[in-house]
Structure formats: structure tokens, C-alpha cells
Amino acid sequence: MQENLRDKRLPWPILAICLLVSSISGLSGVQNAHGEDPQALVEQRTPHREEIQRDLQDQFAALFAGMSPAAKSGYRNLTQNVYLPADFDETVFRKLDTLEFSWPFLDEKLPKANRKGTWLAHGLASRPDDASLPLQYVQSKGQYVMNCFACHGGTLYGTTYPGSPNTTYALESFTEVVRKTKLQLGKPLTHMDMGLLVMPLGTTNGTSNAVMFGVALMNFRDADLNFLADKLPAAMTHHDMDAPPWWNFHRKSHLYIDGFAEKGHKGLMQFMLVRQNGPEKFRAWESEFRDVYQFLEELRPPKYPLAIDKPKAKRGQEVFEHHCAECHGTYGDNQAEYPERMIPIDEINTDRVRFDALTPEHRQAYGDSWFADYGKQDTIAHATGYVAPPLDGIWASAPYLHNGSVPTLWHLLHPDKRPAVWRRIAMACDEEQVGLVVEALDQVPKKLSKGEKRWYFDTQDTGKSAAGHDYPNALTESQKDDLLEYLKSL
Ligand code: HEC
Ligand code: HEC
């Protein structure tokens, strides 16, 4: 593994000065509506930032080194093979590199008008095996082609960790600026550019309308995946989701928040249903996706890099076993057990837009198709709610809930204190509340550009509610405190 971004960072004192005078200093040293000074908050919450980054880098390198040849080949397929039409070329990238972008993070200065700045501002991160290339796009013959890591591999608190949800991916903002640049350069538009014209891609950075992309694409296919030109566009309820971490793949028999689809290598190929890919291509790619499946299967979450208070975590484990394990299972080398329980939607009571948007007909069409071996694989067309996910590495997969509406584990454990609107303000991990360092607001500020608006998560928007999952209300404050310590150890 080669060195990545972390080695190019500025030393702390210089960084602090840069931050104070940075162009986003509308925030620095100034109190916000909740009486907080965001800059001070970031410094107070992220004291071990560099230690965490180094540790994560070592953990991924060790994990990858121990993988089977098939899993390693799966990783190579995802990072080097072209399965979709190109999104843009090197000329477009060079033009982007002359532009100045901004971002909301106060702990890392965004390089102006160069490649690193273009990457960071849009949620691209260097590949662990080749820092000169972005993990999220395959580079081939001067062209850049989006891959699964666009949503499923980003920088985890500043270090690239393939398989961790890409919490900074700015899909819609990136597509907008790429499209504008192509028009200026007289280049043709491609499938993503056109997609943006017919549907929203993602209203908050780090989340995307991916499930509805799937519905839109599947609508034009028969069970054999032949393209049906004369179909009308599907009715859709657009909404954004937070991609789940891939390191829980090995724990599951069925995938997605409603657990409707038995896992298999064919199902992993849904994302490639663009018009250019006919049924024969999916069949030709099968063996490559067997290896991709193996890569997902062998991924594991990173361990929490900082010290854990053992007696406190032990008390937290007891709380967990009484109040959480019936749904989320048990953890530890000898006793790990995951019940994969589906909880009725009215009981879990988290945002139900995703539940209603994917209808029994959609699920059935998937189940009858090549993706599910024409019904040989188990498909639950009539899902009743959401499946409680495994919590391995939960410290590393903020924000929480399927729509990414809850910024930290502390907020998950305090349902009444979840912010109505929040904006992430640091790349680093919040070591106190465990998750994203955020600024809490009552509403999204007025007069923002479209790109800046996507820095905010507004729980009042469709599909974005942070309500529900009220189980922690049965606990005392000190039980919650112990439980938080235990959750770090999973
Ligand atoms: C545009 C963003 C995006 C891209 C690109 C993407 N995914 Fe996903 N993926 C998601 C989202 C969002 C979900 C959650 C969907 C749900 O639960 O309904 C998801 C869910 C999954 C899951 C289920 C995980 C679980 O634990 O239930 C797997 C596996 C997966 N994706 C694999 C892939 C593969 C393989 C690719 C590339 C071929 C890919 N994804 C490309 C956004 C994306
Ligand atoms: C009755 C079943 C049930 C119980 C009890 C329960 N949970 Fe959950 N939990 C769920 C379900 C279902 C979800 C998924 C909800 C969603 O994403 O909308 C979830 C989601 C979560 C998440 C977010 C996971 C992620 O990847 O975003 C965390 C963290 C969590 N639960 C922790 C706990 C803790 C801690 C307790 C005990 C205090 C607990 N849960 C009790 C069913 C349960």
C-alpha cells in the first residue's frame, strides 16, 4: 500500500492559521445560532485526528494483505475494469482543476485550483494502492468511469477505506459542474448528465437517490434483462439513502434495509443496467462479479483506534444485552450471532418513505429476473418493515439510520436531542459523541448556492426524518453513557 492523503497535510499550527483566515471563515471564531463556536467545537472534539488516520490506514493495509486471491481480484475488477460508459475525460478534469471550490470542513483546508481540491470538494479520495488515482472512478484510456466505490468507498475520517460508505460524495454537485464544463468545452453529454435532467441524484452530500435509479433502470427491462424501448417511465418517489457499509455483507443472508433480496453475485450487478449494457454483457461479467462478491465477503470493519474504558464498556455490554441484542445480535469472537430480524414499519417508526417507495411489484420484478436466478433465489416481495442491521464497526459508519439522518451515536441514543438541521463541519471523527462533527441548526440558512445547500441535512424534507427507533428512551443517562463506550468496541 502506498502513502495517501495524510502525508500531504500541513502541520497543525499552520493549518490552524489557514483555517482562521480561510474563505469560509464566516464561521470561524463566530458563534452560531446555538451559541457554539464551530471552530472551537472541531478542535475540542477531534484531538486524536492524526492518530486515527494513521491507524485506519494500517488496518486497511493489513486487512487487504490477508485477503484471498479471489477477493483481491474482485477489488481489482472494481478499480480497473470498465462496466459503464465513461463520465468524463482528462480534458474535463484539467478544466475542473482550474476552478475554485469551497467546502464546509474546518479541520482541513481545501487546496485551491488543483486536482486534490477537485477531488476533496466532491468526495473523491485516493486509492490505497495508487494515490495518484481516485478510488471512485476507473481511469482508462484518458476516460473516467464511475464505479461502486463512488458510494461504497470514501475517506473514513480522512483515510481511504474501501467498503466504508462515502460520506462526502457530492454526486449531484459533481455531475452539475462536469456537465457545465463539458458544455463549455463542446463535449457530448453522457448517461449521468442526462439522468440529472430526469431525476434528482442526491439532495445532501453523502446520500443518494440510488434505489430509485434502480427502479428507473429496471423498468425498461424484461426478466432476461432485454431492453424494452416502448415502456413508459416508472412512477417514483425520489428520496435519498445513506449507503450501508460493505463490511456487514458476510453477516447477512438478505440485502438492503428491508432485507428483500437474497444475496448473490448476480444481484450485485444491478447498478450497471444502463442502456448500453445488453443482457449478454451481464452474463459475460458473471465470473468477475463472483470475485467482487468474494471481496465484499472478506471485508471487515476497522477497530476503534483509541483507548476504550473496559469496565465502562463491560457495563455497557449488559445494557446492550438487555435492550438491544434481541434485534441487533451479540458480538465478540466466540459468541457473535446475528438474528437478521425485520421490524414492522409502524413499530420501528423511522422514516417510511424508502419502505413505501420500493413496492411489492418492484421487488417481485427483481425476484423474477436474471438477478435473482428467475425466482430460485429468495425474494421477499411483501417486506413488512426494516431489518435491524449488524452493528460491527458501528463507530465508523456515521451518519446513522438508513437515510443517514442521525449524525452521531450519542444522538442515536438521545432521540429527543437529534438536530432538526445539521451540517458536518469536520473530516475527523467526533471522539466525544462518536460520529460526524456537526453544527446543529433549526433551519437551513437562506441564500445558499445549490452546492452549499447540499452540505446540510434537513430532517424536515421528504425521506429525511430522524424520528423513530426510540428504544434508548428506556435507559438512564448513565446507562447510555456506558452503552456508548460498549458500541465503540463492536
Ligand atoms: C449512487 C450510489 C451507489 C452506487 C454507485 C452503488 N451503490 Fe450499492 N447501495 C447504495 C445504497 C443507497 C444502498 C442501500 C439501498 C437499500 O438498502 O435500499 C446500497 C446497497 C448496496 C448493498 C446492500 C448492502 C447491505 O448490507 O444490505 C450492496 C451489496 C451494494 N449496494 C453493492 C453495490 C455494488 C456491487 C455496486 C457497484 C456495482 C454498488 N452497490 C453501487 C448506493 C450505491
Ligand atoms: C425491536 C428491534 C430493535 C431494538 C430493540 C433496537 N434496535 Fe437498533 N435498529 C433496529 C432497526 C430495524 C434499525 C434500522 C432502522 C433504520 O435504519 O431506519 C436499527 C438501527 C440502529 C442503528 C443504526 C445502524 C446504522 O447502520 O445506521 C444503531 C446504531 C442501533 N440501531 C443501535 C441500537 C441500540 C444501541 C439499541 C439498544 C438501546 C437498539 N438499537 C435497539 C431495531 C432495533
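Two strands are said to pair if DSSP finds at least two bridges between them. Strands themselves (E, at least two residues) and helices (H or I, at least four) are DSSP runs, numbered from the N terminus. The model examined here is predicted: local features need pLDDT of at least 70, side-chain atom pairs count only at pLDDT 80 or more, and totals for chains, interfaces and linings use all residues. Residues are numbered from 1 along each chain as its sequence is written, while chains are lettered from A and ligands numbered from 1 in the order in which they are written.

Let us begin with the sheet. Ser140 stands opposite Gln143 in strand 5. Strand 5 (residues 143-146) runs antiparallel to strand 4, and 4 bridges join the two. Both belong to an open sheet of 3 strands, ordered 1-5-4 with antiparallel pairing. Strand 1 (88-89) and strand 4 (137-140) each have a single partner strand, so one side of each edge strand has no neighbour in the sheet.

Next come the ligands, where a residue counts as near if its C-beta atom, placed from the backbone, lies within 6 Å. Around ligand 1 there are 19 residues, and Cys148, Cys151, Ala210, Met241 and Tyr256 come nearest. Helix 7 (149-152) and helix 10 (210-218) are the elements that give two or more residues to this shell, with the largest share, 3 residues, coming from helix 7.

Ligand 2 is surrounded by 23 residues, the closest being Cys324, Cys327, Thr350, Ala388 and His402. Helix 14 (residues 325-328) gives the most to the shell around ligand 2, namely 3 residues.
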